[in-house]
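Hi,

Here is the structure I said I'd pass on. Have a look at it first, then read my notes below.

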Amino acid sequence: MEGTWWSLLPFLLIIPLAIWLKEILPGLVAGLLIGAFCLEWSAVGAIERAVSAILHALTDSEHMKVAAFLYLFGSLVGMMQITGGIKGFVEMLSGRIRSKRGLLLFVWLTVPVTFFMPMFRIMLLGPVMKAVLRQFRIDRRRMAYMIDVSTEPIIVLLPAATAFVGFMTSVVAAALAQNDIAESPYDVFVRSLPYNLFAIVALAVGLLTTMLNVRIGKSRAKKGEGETNELHGLGLRKELALISGEPLHLFVPLALLLGLTFAFFVYDGRRRGASRWLEAFSAADATWAMLLALFVTILLSMTFYLWRRQSLSELTYHFFAGGNEMMAPIGMLVLVWAVSSVAGELGFADYVSSTFGTWLPGALVPAAVFLAGSFLSYFIGSSWGTWGIFMPLGVTLAHATGAPIEVTVGAVFASGTFGAFASPLGDTTITTAAIMDMDLMSYAKYKLRISLLCAGASLVGYVLLPLWMP
């Protein structure tokens, strides 16, 4: 279909609804239905077209790889949680906190074993730091900020073994396909990481601010409680308080996951014709390699846990409970795929290229995308929703104007990171405030002041970067 302004309707509807309702899913459904109606011009035909787009998104093999990866990743996290792996590691370090340097080292040293997803890190680290707060007389908001700044801004910069990688690669893949750009989505994703300026600036500012004006006493953090045999149904926070910590239950699955991810990257790349391992790493199907590594890790970890006399019923329950935690982002991703498909049939890429692409200077595309995306993400509090909405627009504009693709993709990811980190509607802000017993809006305002400073510096970077690049 020839591109017309009708192709903008799904996105013009999604964004206001997301801001108004503070939820992304209703906007995606409405945008999908409106886009389908513009193709069929009948209510029944629109419903059929929308359902068909969803089914096509669900049956696409590449999409299924991403959905399976997200679900199984949640399942592995669920098993590591209930076996006390990360709790044991946190307890092991918390007893050694004796100084300001020790406290900072504790927070940042836990990153390599809690980087899988932000909520996972906050739920495990938050209660321990709350105990430190009581004994060390540290400012409550500063401690909460230190936890938050070491979650999403770090996780979005990691190229493997996180719940974010599959989703981020997938939205890039959809945007590239929509514009017929024949590049590896994973390569584009990896090249965009240095251009997620907000995450990088927030980390730098976070490291600086956490080292200033922190009053430290001398004491030890409390150890965890004993374990119980019947845990499920109590709620995750209560369960984590009841189980016994065992660091080995984290180290083994983590080592397996990282080692197998590397091995399957090389294996798949060599199978595709690469001769050297570095070339193989680039040539591999990233989602497939990570899915294989995750699947084998789960099998071996389950065997290891059973050998360690962990309850099979608890492992099974939390395998599915952990996976089900990822159903909301999986559902959102399916709708994003469906909306992108319908918008593509309406000629979205052609219309944006022939209109916006003719007057918006390519040098300003990353800055414009970052500014608009940050505005949306703050009001909806969702990085994934922002990425799903703005990635097709950002890549299309970059392709039409000649703006650097990797910088634009990095700007889209940065805009979502800003909202998820700074918004009072963000999961991390809400959870951290609840765990640390703080007023949500007061804490959100505290974070916003620092976040706006980081966003301003990032915006300047996006204005200057395209001017310096060849």
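**Charged pairs and cores**

Let's start with Glu-183, which counts as partly exposed at 34% relative accessibility. Its partner is Arg-191: the two form a salt bridge, with the closest N and O atoms 2.9 Å apart. Arg-191 is partly exposed too, with a relative accessible area of 35%. Before you go further, keep in mind that this is a predicted model.

How many salt bridges does a search of the whole structure find? It turns up six. As background, side chains of opposite charge can pair when their charged atoms come close.

One to look up is the bridge between the side chains of Arg-49 and Glu-345, at 2.3 Å from N to O. Arg-49 sits in helix α3 (residues 43-59) and Glu-345 in helix α19 (residues 327-345), so this pair ties together parts that are 296 residues apart in sequence. Arg-49 is partly exposed, at 24% relative accessibility, and Glu-345 is partly exposed as well, with a relative accessible area of 30%.

Now try Asp-268 and Arg-271, whose side chains meet in a salt bridge at 2.5 Å, N to O. Both are in helix α15 (residues 248-271), three residues apart, which is about one turn of the helix. Is Asp-268 buried or exposed? Asp-268 has a relative accessible area of 0%, and the cut-off for buried is under 20%, so Asp-268 is buried. Arg-271, on the other hand, is partly exposed, with a relative accessible area of 48%.

On to the nonpolar side chains. In soluble globular proteins, these tend to be buried together. The largest nonpolar core in this model has 92 residues, and the members that touch the most others are Trp-387, Met-391 and Phe-413. Which helix gives the most to this core? That's helix α4 (residues 61-82), with twelve residues.

If you click on Trp-387, you can pick out its contacts. Leaving aside residues up to four places away in sequence, Trp-387 touches Val-156, Phe-164, Phe-167, Met-168, Val-171, Pro-392, Val-412, Phe-413, Gly-416 and Thr-417. There is also a second, separate core of 33 residues, which includes Ile-122, Tyr-145, Phe-198 and Tyr-462.

Methods
Residues are numbered from 1 along each chain as its sequence is written. This is a predicted model: local features need pLDDT of at least 70, side-chain atom pairs count only at pLDDT 80 or more; totals for chains, interfaces and linings use all residues. Side-chain values use heavy atoms; hydrogens and water are left out. A nonpolar core is a set of buried Ala, Val, Leu, Ile, Met, Phe, Trp, Tyr and Cys residues joined through side-chain atoms within 4.5 Å. Buried means under 20% relative accessible area, exposed over 50%, partly exposed in between (1.4 Å probe, protein chains only). Helices (H or I, at least four residues) and strands (E, at least two) are DSSP runs, numbered from the N terminus. Contact means heavy atoms within 4.5 Å. A salt bridge is a side-chain nitrogen of Lys or Arg within 4 Å of a carboxyl oxygen of Asp or Glu.
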